[in-house]
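This briefing goes through one protein model by topic. Keep the sequence and the structure in view while reading.

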Amino acid sequence: MKVLWLVSWYPNQFNPFDGDFIERHAKAVSQYSAITVIHVVQYGPQIEVPRKKVEIKEAENVKEYIIYFAFKRTGIPLLDKIIYNGKYYLTYSRFIRNYFKEAGLPDLVHVHVPMKSGVIAKWIKKKWNIPYIISEHSSAYYKLIPDNYFNRSAYYRHTVSGIFKHAAKVTTVSAALGKRLQEIFSLPSFLVIHNVADTNVFFPGKNQSPVFRFFHASTMNHPKNVEGILYALAGLSTQRGNWECILAGWETPQLRQIAASLGLDKMIKWTGVLTHEQVAMEMQYAHALVMFSRYENFPCVIIEALCCGLPVIATNVGGIPEAISDSNGWLVPSENEGDLLKAMIRMIDNYDAFNRYEIAKDAENKYNYGVIGKQFYSLYQQVLTQTIPSAF
């Protein structure tokens, strides 16, 4: 079985964390089938790139082509956008043609995030009759999100709709997102295949902080509502002692200023951006994960925390309720700092009600590489029994 992945998001030199959850899906699938990943980097018409470059990486049954195309701005925004998009699709289609001539046709194309790689998959299907499936990871189909699907141009919406229409199958990382896509695009069906956790890295630790430790890791941008966590922690400081909170990610001067103004400097620690291994170490030493997102899909950090045995406090948004139950954490309403504070107090006072090793075992059984990889491989087999591609 030859499976070609066309990914709209993937780690690259401009953003090493872009779509890293897709990279983990690739590692999971590679346990069952060799795959090739092609990613033409979308750096945007605001960034000049001096020359074309192709990075080729091979490891663990996955071969990756990360492609950068040269682009020089004219300074005219509309013209830059037209030229940039033209170069993007020309670079992509030329690379695909050359790849097919050298490696032969794949049996199946797997698109991660429909725009823009889905345009290429649709072209491949039309020209070579190769079926494609889509895995959608984006939460941008809800109107409460600032840059959402409904705010985009008619061309964008029409293109995305057409990509979904011609897909052999659609998968989502949460049932909540799948149902939303059904509402918008009238999908006949969808399959939930959750995000994956590397259980060789994320597993329970043997030691914990002597002080009750909350842990948070994120991009710390608007959707993550870290400021809301800080305000809840300020309330916690007046009601409970002997606790601390570790905050990992891209903190900003504004967040540090809020923390200082609330008198939290002695109770919180900013670590900056951490590697996956460093995040795992922090989780293993912590007591609980706290997330206060305004919107989400199915965050990897939550299932990674569960694999480390941490109970989770998180907001009742997106696909998060699909991972959290009374046995492994509690949900709070988005934007409700009062309820977040109550959950933190409850977590400190009732921590013994949670069994770290049972939490970890349950999460490992659901989200490990073998389980998730097999779900994708089974889907590939199902699709290929229903469609037969034509010869090259």
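**Helix α5 and its surroundings**

The buried residues of α5 pack against β6 (132-136), α4 (154-165) and β7 (169-172). The model is a predicted one.

- Helix α5 covers residues 175-185, and its buried residues are L177, G178, R180, L181 and F185.
- These residues lie on the same side of α5, because the arc they cover around the axis is only 160°.
- An α-helix has 3.6 residues a turn, so residues three or four places apart point the same way.
- The exposed residues K179 and E183 sit on the face of α5 that is turned away from its buried side.
- Just after α5 comes S186, which has a positive phi of about 55°.

- Strands of a sheet pair through backbone hydrogen bonds, either parallel or antiparallel.

**The six-stranded sheet**

- Another open sheet has 6 strands in the order β11-β10-β9-β12-β13-β14, and its pairing is parallel.
- β11 (268-272) and β14 (329-332) are the edge strands, each pairing on one side only.
- From one strand to the next, the twist averages 20°.
- Strand β12 (residues 288-290) pairs with strand β13 (residues 312-315) in the parallel sense over 2 bridges.
- L289 has V312 in β13 as its bridge partner.
- Helix α8 (residues 276-285) lies across β9 (212-218), β10 (243-249) and β11, and runs at about 155° to β9.
- Helix α10 (residues 337-349) also packs on the sheet, where it touches β9, β10, β12, β13 and β14. The direction of α10 makes about 165° with that of β14.

**Helices α6 and α7**

- How do the axes of helix α6 (residues 226-237) and helix α7 (residues 253-261) cross? They come within 10 Å and cross at roughly 10°.
- Because of that angle, α6 is roughly parallel to α7.
- V226, E227, L230 and Y231 in α6 meet L255, I258 and A259 in α7.
- By class, this contact has 6 nonpolar residues, no polar residues and 1 charged residue.

**Helices α11 and α12**

- Helix α11 (residues 356-367) and helix α12 (residues 369-386) have axes that come within 5 Å and cross at roughly 25°.
- That angle makes α11 roughly parallel to α12, because angles under 35 degrees count as roughly parallel.
- The residues that meet are N365, K366 and Y367 in α11 and Y369, V371 and I372 in α12.
- The contact of α11 with α12 has 4 nonpolar, 1 polar and 1 charged residues by class.

Terms used: Residues numbered from 1 in each chain as written. Predicted model: local features only at pLDDT ≥ 70, side-chain atom pairs only at ≥ 80, totals over all residues. Heavy atoms only, no water. Axes fitted to C-alpha atoms, helices over the stretch in contact; angles between N-to-C directions. Helix = DSSP H or I, 4+ residues; strand = E, 2+ residues; numbered from the N terminus. Parallel < 35°, antiparallel > 145°, perpendicular 65-115°, else oblique. Contact = heavy atoms within 4.5 Å. Nonpolar A, V, L, I, M, F, W, Y, C, P; charged D, E, K, R; others polar. Buried < 20%, exposed > 50% of the residue type's maximum accessible area, 1.4 Å probe, protein only. Arc of directions from axis to C-beta. Pairing = 2+ DSSP bridges.
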